[in-house]
Amino acid sequence: MPNMPNPLQIIADRWQPSARFVRQAALTSVVMAVIIVVTGGAVRLTQSGLGCPTWPTCTDQSLTPTPAMGINGVIEFSNRMLTYVLCAVVGVVIIAARARAPWRHSLTRLGWAQFWVVMGNAVVGGVTVLTGLNPYIVSAHFLLSTALLTVAVLTWQRSCEGDDEPRDLVARPVRELSRVLVAATLLLIVVGTVVTGAGKHAGDASAGVRRIPLDWHEITQLHVDFVYIVIGLTVALWFTLRAVQAPEGPRRRVVELFAVLMLQGVVGYVQYFNDSPEVVVGVHMLGSCLVWIAALRVALSLRERGEAAAVPAPAAPVTDADAGQPAATSSR
């Protein structure tokens, strides 16, 4: 029995996307990863977490929300539908990466990694509903979204560079400092999810929704402490890059991270001193995504892989006249 043709290979045989198209598709997946975090936050902040009380259907009898469920059902169901949009975008990334010539296996693998993280997080989202918004599952749901954002940023970065072996632009101690910065930023985000899990925004108005049993003010103070640590590491890295005369690109990325941290800090203080209004908390969630993207870009800017390979030019067709001509010889 002959082997079934690979659909991705069939597409690659008939379509050659440009490098710009692949980069734009990868960037769109980053944007969608941010949108899914922000809209998930909107579900929580509008008390719509149990707008659809079951999963994978909205109710036991209906796939979609019923009129009796009101706006909360619409918000929760709309967020579920965005997962399909995200899957479509990731699918375009996978197809474009596979069809691009020459085939870059690493880029295709990153696209598939995005797909499986989306699928896994969809299941965790369902478990979140089925467990009545268990705060630990909700936190895991957010952290998996952060994992998706991480892979999306890596895919975007790889789409903009070649496949050469990574070449360091700075010495190893400087790279280690950038890794400490990324690790501290990740801990900042993890503690932030605990702050949310212990706070007042449970995601649903019912009294039965559990919260993480920690003092909200104390865990918020820990979160602030990590903010200062990340800011300190960012400033230290900037001075270090200047001292070693690093290229302009890495220094610019550090400045971008510092600017995002400052804006996020302002939003955080406004949130804290105004009893966490819903709109400000939503902006803070958006800011956490931007901080993480900026931190990753700092670390990735400290090495290079060369330029992305261009699509090979198609061979000129051989005509009957050319076939009958003898090869030209040099006149030397």
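# Pocket, cavity and salt bridges in a predicted model

Author: In this predicted model, the lining of the second largest pocket is made up, by class, of six nonpolar, four polar and eight charged residues.

Reader: What volume does the second largest pocket have, and which residues come closest to its centre?

Author: The volume of this pocket is about 410 Å³. Its lining counts 18 residues, and those closest to the centre are Gln157, Glu161, Arg253, Ser301 and Arg303. Two or more lining residues come from each of α5 (135–159), α8 (248–273), α9 (278–300) and β2 (303–304). Helix α8 gives the most, with four residues.

Reader: What makes the other space, the one with a volume of about 40 Å³, a cavity?

Author: The test is whether a 1.4 Å probe that fits inside can get out: in a cavity it cannot, whereas a pocket is an open set of points. By this rule, one cavity of 30 Å³ or more is counted, and the largest cavity has a volume of about 40 Å³. The residues that line the largest cavity are Val37, Phe142, Thr146, Leu149, Ile189, Ser288, Cys289 and Trp292, with α5 and α9 as the elements that give two or more residues to this lining.

Reader: How do you know that the side chains of Arg305 and Glu161 meet in a salt bridge?

Author: The cut-off is a side-chain nitrogen of Lys or Arg within 4 Å of a carboxyl oxygen of Asp or Glu. For Arg305 and Glu161 the distance from N to O is 3.7 Å, and the pair therefore meets the cut-off of 4 Å. This pair links distant parts of the chain, with Arg305 in the loop between β2 and α10 (320–323) and Glu161 in the loop between α5 and β1 (167–168), 144 residues apart. Both Arg305 and Glu161 are buried. They also belong to a network of salt bridges that links Arg158, Glu161, Arg303 and Arg305, and the structure as a whole holds 11 salt bridges.

Reader: Why are Glu304 and Arg167 called partly exposed?

Author: Buried means under 20% relative accessible area and exposed means over 50%. Glu304 has a relative accessibility of 33% and Arg167 has one of 47%, so each value falls in between and each residue counts as partly exposed.

Reader: Which loops hold Asp275 and Lys200?

Author: The side chains of Asp275 and Lys200 meet in a salt bridge of 3.5 Å, N to O. Here too the pair links distant parts of the chain: Asp275 is in the loop between α8 and α9, and Lys200 is in the loop between α6 (172–198) and α7 (216–243), 75 residues apart. Lys200 is partly exposed, because its relative accessible area of 47% lies between the two limits.

Reader: Why is Leu130 called exposed, and which surface patch does Leu130 belong to?

Author: Leu130 has a relative accessible area of 52%, which is over the 50% limit, and it is therefore called exposed. This residue lies in helix α4 (residues 105–130). Together with Trp55, Val123 and Val127, Leu130 forms a nonpolar patch on the surface, and the four have about 330 Å² of accessible area together.

Reader: Is Leu233 buried or exposed, and how do you know?

Author: Leu233, which lies in helix α7, counts as buried because its relative accessibility of 17% is under the 20% limit. Of the 332 residues of the chain, 44% count as buried.

Methods:
Residues are numbered from 1 along each chain as its sequence is written. This is a predicted model: local features need pLDDT of at least 70, side-chain atom pairs count only at pLDDT 80 or more; totals for chains, interfaces and linings use all residues. Side-chain values use heavy atoms; hydrogens and water are left out. On a 1 Å grid over the protein atoms alone, a cavity is a set of points where a 1.4 Å probe fits but cannot get out, and a pocket is an open set with protein on both sides within 12 Å along at least five of seven lines; lining residues have an atom within 4 Å of a point. Grid points are joined across faces, edges and corners, and a volume is the space filled by probe spheres set on the points. Ala, Val, Leu, Ile, Met, Phe, Trp, Tyr, Cys and Pro count as nonpolar, Asp, Glu, Lys and Arg as charged, and the others, Gly among them, as polar. Patches are made of residues with over 30% relative accessible area and no salt bridge: like charges are joined within 9 Å, nonpolar side chains (Val, Leu, Ile, Met, Phe, Trp, Tyr) within 5 Å. Accessible areas come from the Shrake-Rupley method with a 1.4 Å probe; for residues, only the protein chains shown count as cover. Buried means under 20% relative accessible area, exposed over 50%, partly exposed in between (1.4 Å probe, protein chains only).
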